[in-house]
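Work through the exercises below with the sequence and the structure open beside you. Each task is followed by a solution that goes step by step.

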Amino acid sequence: MEALLSVMIGVLTAGGVYLLLRARTFSVVLGLSLITYAVNLFLFASGRLTRGAPPILAPEITHYTDPLPQALVLTAIVISFAMTAFVIMLALRARAELGSDHVDGHINQPPNTQD
Amino acid sequence: MTLPLVILLPFIGAVLTGWVARLGRMQAAWMAGLFTLLAVLALVPCVPLTVAGETVLWRLDWIPTSGLNLAFRLDGLGLLFAAMILGIGLLVILYARYYLPERDGLGRFYAYLLSFMGSMLGIVLAENVILLLMFWELTSLSSFLLISYSYRKPESRRGARMALTVTGLGGLALLGGLLLLGDMAGSYDLLIILTQGEIIRAHPLYTPMLVLILIGAFTKSAQFPFHFWLPHAMAAPTPVSAYLHSATLVKAGIFLLARLFPVLSGTPEWTWLVIGAGLTTLLVGAGIALFKHDLKGLLAYSTVSHLGLITLLFGLSTPLAAVAGVFHIFNHATFKASLFMAAGIIDHECGTRDMRRINGLWSFMPYTATLAMVAAASMAGVPLFNGFLSKEMFFAETADFSSGFDHGWVLPALVVAAGVMAVAYSLRFIHDVFFNGDPIDLPRTPHEPPFWMKAPVAVLVAICLLVGIVPALTVDPLLRMTVASVLQAPPPDFDLAIWHGFGLPVVMSLVALGGGLTIYALRRPLFRLAARLEGWLDARAIYEWVLAEMLLFARWFTRRLDSGSLQRLVLVLLLTVLGLGVFGFLGSGSPLTGTRSLLPVDGVSVAMTAVLIVVTLATVALHRRRFTALVIVGALGLLVALIFIQFSAPDLALTQLSVEVVTIVLLLLALYFLPQQSPRESSNLRRTRDALIAVLAGLGAGALTWAMLTRPFTSISDYFITHSLPGGGGANVVNVILVDFRGFDTLGEITVLALAGLGIHAMLYGLRLPGLTQDAEGRPWNWDTHPAIMAALARLLLPLALLVSIYIFLRGHNAPGGGFIAGLITAVALILQYLTNGVAWTHQRLSSNMLPLIGAGLLIATLTGLGSLVFGYPFLTSSFTHVHWPIIGDFELATAMLFDLGVYLVVVGATLLILIHLGLMHRATHPHAEPTP
């Protein structure tokens with residue numbers, strides 16, 4: 001099972017990185033979302049994988065999964081929403097100010113590229 | 001204990017003075033004076049103990065694990081400096097009130113001055129050396145503000161920047177030195193450091209530590225080769241110069257030498273470095289001062305020279321030299337402050353400071369002239385004035401020190417040469433300015449300044465005279481007390497008298513006086529020679545060259561790295577991360593797979609993995625068709641939620657689900673304002689390159705996950721699990737961690753959320769973007785009103801959804817749920833109304849101003865935390881009790897729940913703020929598309 005999760009995180013990262021390298025803001029935001037999934041899953045997995053032992057205390061149960069990564073990831077999910085929102089608004093603002101949704105603000109090569 | 005108040009009061013005064021200045025100049029001056037007096041009053045109760053030879057200590061643990069405490073001490077040395085800082089500060093406040101022009105509001109000036117005063121007091125009263133360094137940096141900053149006070153003048157800005165660069169650099173070195181020192185002594189508290197001299201001097205790292213600390217002290221005290229910033233700091237208004245360059249800023253370095261004297265001194269390294277720097281500075285400063293035509297320039301270089309003299313004395317390392325050093329600190333402060341003030345009066349009255357034009361002022365302002373002449377005579381070391389006493393001790397000590405060496409005459413000869421030059425430039429100050437013919441072409445006709453402008457000078461000059469004539473009655477006890485604290489031992493035998501009998505020091509003094517007269521008589525050919533040598537070995541030019549080269553390099557480096565393209569920067573970042581990752585993998589040498597036993601694979605998991613891979617690949621393949629890609633990403637979010645469910649994380653699954661809904665709605669709304677398709681721009685080669693990088697990154701992330709998951713681990717979570725119920729009163733450990741154990745983190749996180757909301761609010765302000773008129777395939781936009789059945793259903797759903805969110809919120813402490821999830825559910829329920837009923841309809845019923853909601857949430861969360869302080873518990877300690885509610889059942893009522901309410905409100909507020917503003921933008925682009933229902 002651990003191998004499957006590793007594959008999933010790897011695939012999400014690869015997809016995210018590819019989209020991150022695209023030239024348009026919307027693709028970059030999608031790429032960031034994919035990387036967010038991968039990172040959240042990775043953080044979550046740092047508590048190792050456990051089935052059927054949620055950290056809800058009950059009298060007859062003694063074995064629970066690690067609750068700490070869960071608490072961290074819970075806030076990370078909400079914060080990454082805020083980040084996605086911020087980035088997409090930045091993209092809108094950039095489009096309004098620069099007239100283009102290219103990540104560099106213009107489609108042509110930047111003037112001071114030297115190589 | 002009132003010791004911390006001494007430091008705090010000037011800072012409070014700075015704020016109040018800046019505020020009161022709107023009422024007028026007088027009020028600002030009174031307020032500044034009042035707070036300085038209050039600081040004096042706060043100091044008074046501690047004085048008797050210090051005078052009795054004790055060290056007054058005040059301590060508050062701040063970060064004790066790092067050895068950082070809010071600790072202050074008052075001993076003789078601290079008292080001498082505090083008295084000078086407050087006393088001269090008071091005089092400067094009075095003087096500046098009359099010196100600065102009428103149009104000047106004075107609020108900013110006094111605010112800077114008081115904060116500088118507070119920082120300076122912090123240095124001299126600090127018990128912890130790290131604390132000392134913080135105040136040290138604060139003096140750098142506040143003196144920057146003071147020097148750049150007339151910020152419209154380029155030379156003020158340049159002078160201030162230079163002072164900040166040099167002293168800031170020194171501060172950095174000092175940080176390193178003090179950390180080493182603390183490490184050697186085993187504590188950052190002076191109380192312990194001062195007893196560890198033997199161990200520290202024998203430590204192998206003694207020399208690097210000494211060099212670092214000396215760089216700090218020398219930059220601050222303008223010792224060669226860092227002396228060049230001080231004359232440029234003269235661009236400050238004269239009251240500032242009188243304060244900074246007499247008793248305070250530049251004395252901070254000397255203070256440090258005196259403070260660490262018992263620990264650092266006595267080694268050959270100390271002797272060579274400190275004597276070398278002091279002697280060079282003494283000679284260079286005196287030499288340049290002689291040829292300055294600017295009145296303040298002369299005083300500035302003479303300050304440099306006198307600082308060198310004091311440094312040299314501390315370099316001699318003998319107890320008697322320390323006595324002379326401390327004595328000269330005091331004397332220099334009094335005569336130099338009065339000289340600067342007199343120079344300011346002359347500048348004020350004549351409109352120029354050029355000594356080639358200012359002549360014969362004796363007949364215009366006899367009182368000021370008398371005062372200035374006394375102070376200058378003290379500076380020259382003429383008998384009956386205080387400068388004579390310390391200078392004679394200085395001559396005696398250098399002669400005494402050198403007597404045991406071969407070529408022992410060199411040092412005394414050189415210091416006499418410096419004495420000759422000091423006499424010459426002092427004489428020039430007196431003769432050139434007050435006599436020597438008539439003034440030449442002055443902008444205005446000088447006359448005596450107002451009484452209160454002369455009064456501070458008179459006070460200081462009176463001290464010079466009193467100390468000079470009856471030293472044993474005035475300064476003797478102060479000196480003994482200070483020296484005892486500098487040496488950390490009983491003071492040596494010394495006798496302050498004007499006449500010690502005929503000996504070498506008297507001869508040296510006489511030679512200095514006679515030589516000075518001769519040099520001054522020969523000044524005209526010497527000035528011509530100096531004019532020809534001008535610009536030779538200019539430390540400032542070297543400084544500016546280094547600075548320019550560094551800027552050029554930084555610019556070149558930045559241009560190489562950042563061509564202004566985000567794509568390129570992201571590429572550089574990713575390649576760096578990949579490179580470091582590969583390096584780490586290959587370099588670690590440990591196997592990829594660990595020893596932990598693995599979970600079995602089941603069919604559902606395989607299917608889920610397959611779906612996730614397909615969906616991710618589809619997102620990438622279809623990303624140019626943005627709408628489609630977005631829908632697919634939504635599916636990915638649901639899959640991630642399923643993974644959370646599978647591995648025992650119901651809270652995460654709930655959060656992920658609701659966040660996914662909000663995110664997709666947000667991106668859909670935003671997509672409306674963006675092109676519907678991405679053009680195909682990248683070349684095949686580039687896409688292949690990016691794909692390769694992506695695959696490498698994916699392989700890396702996968703391998704890392706695999707390596708982590710197969711390794712055994714220990715967690716600190718057992719603590720949370722065992723203490724969740726008894727300590728936090730909740731069975732849902734994740735929620736208890738969020739609102740109780742790690743509540744402070746959560747408070748930070750909701751603050752970030754609130755800030756993101758505010759940032760978006762600001763970013764969308766006044767934004768106008770054209771909306772769509774047709775979709776990606778060119779079909780016209782559908783302007784149908786919102787479907788009636790869906791609208792009605794959504795309205796019915798709202799109370800139900802809100803009820804669910806309340807339920808989720810209330811049970812969150814014991815079962816999956818809590819503030820975050822409930823907040824998201826509420827937000828989704830409200831957004832649903834916007835989507836189905838339209839912005840206008842919802843807008844009439846729900847305010848779009850979410851800022852109060854966010855503010856209330858943050859306030860509740862913070863106040864809950866502060867509430868526990870009231871009851872004497874640490875910040876954010878929760879308490880709880882069991883209550884039996886009808887229908888709902890047994891129920892814990894915890895203060896953590898109140899905190900969770902804050903979380904809930906911030907989440908609802910921030911989420912709605914973000915989405916509503918986008919919704920309002922839609923309405924602005926298509927007002928006709930929104931018929932009122």
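**Exercise 1.** Describe the stretch formed by residues 611–676 of chain B, giving its helix and strand content and the distance between its ends.

Solution. In this predicted model, residues 611–676 of chain B are 82% helix and 0% strand. The end C-alpha atoms of that stretch lie 26 Å apart. UniProt, in an unreviewed entry, places the feature "domain: MrpA C-terminal/MbhD" at these residues.

**Exercise 2.** Check whether the length of helix α30 of chain B agrees with its number of residues, and then state how far the helix is covered.

Solution. Helix α30 of chain B covers residues 650–671. At 1.5 Å a residue, its 22 residues should span 32 Å, and because its end C-alpha atoms are 31 Å apart, the two values agree. As for covering, α30(B) is mostly covered, since 17 of its 22 residues are buried.

**Exercise 3.** Work out how helix α3 of chain A is placed against helix α30 of chain B, and which residues make the contact.

Solution. Begin with the axes: those of α3(A), residues 67–98, and α30(B) come within 10 Å and cross at roughly 0°. Angles under 35 degrees count as roughly parallel, and the two helices are therefore roughly parallel to each other. The contact residues of α3(A) include A:Q70, A:V73, A:F81 and A:L92, while those of α30(B) include B:D651, B:L652, B:V659 and B:A670. Sorted by class, this contact has 14 nonpolar, 5 polar and 1 charged residues.

**Exercise 4.** Widen the view to the whole contact between the two chains, and find which element of chain A gives the most residues to it.

Solution. In total, 79 residues of chain A are in contact with 97 residues of chain B. On the side of chain A, the elements that give two or more residues are α1 (2–20), α2 (25–45) and α3. Of these, α3(A) gives the most, with 23 residues. By class, the side of chain A that touches chain B has 52 nonpolar, 17 polar and 10 charged residues.

**Exercise 5.** Decide whether B:M453 is buried or exposed, and name its contacts beyond its neighbours within four places in sequence.

Solution. The residue B:M453 belongs to helix α21 of chain B, which runs over residues 451–469. A residue needs 20 or more C-beta neighbours within 10 Å to be buried, and B:M453 has 21 inside 10 Å, so it counts as buried. Leaving aside neighbours within four places in sequence, B:M453 is in contact with B:Y95, B:Y98, B:Y99 and B:I345. The C-alpha atoms of B:M453 and B:T368 are separated by 9.8 Å, although these residues are 85 residues apart along the chain.

**Exercise 6.** Summarise chain B as a whole by its elements and its extent.

Solution. Chain B has 39 helices and 4 strands, and its C-alpha trace spans about 110 × 65 × 60 Å along its principal axes. Buried residues make up 48% of its 933 residues. Among the contacts of chain B with a separation of 6 or more, 78% are between residues 24 or more positions apart.

How values were computed
Residues are numbered from 1 along each chain as its sequence is written. Chains are lettered from A and ligands numbered from 1 in the order in which they are written. This is a predicted model: local features need pLDDT of at least 70, side-chain atom pairs count only at pLDDT 80 or more; totals for chains, interfaces and linings use all residues. Axes are lines fitted to C-alpha atoms, for helices over the stretch in contact, and angles run from 0 to 180 degrees between N-to-C directions. Angles under 35 degrees count as roughly parallel, over 145 as roughly antiparallel, 65 to 115 as roughly perpendicular and the rest as oblique. Two residues are in contact if their C-beta atoms, placed from the backbone, lie within 7 Å. Ala, Val, Leu, Ile, Met, Phe, Trp, Tyr, Cys and Pro count as nonpolar, Asp, Glu, Lys and Arg as charged, and the others, Gly among them, as polar. The expected span of a helix is 1.5 Å times one less than its number of residues. A residue is buried if 20 or more other C-beta atoms lie within 10 Å of its own, exposed if 12 or fewer, and partly exposed in between; C-beta atoms are placed from the backbone. UniProt positions are given in the numbering used here, feature names are shortened, and annotations may be inferred rather than shown by experiment.
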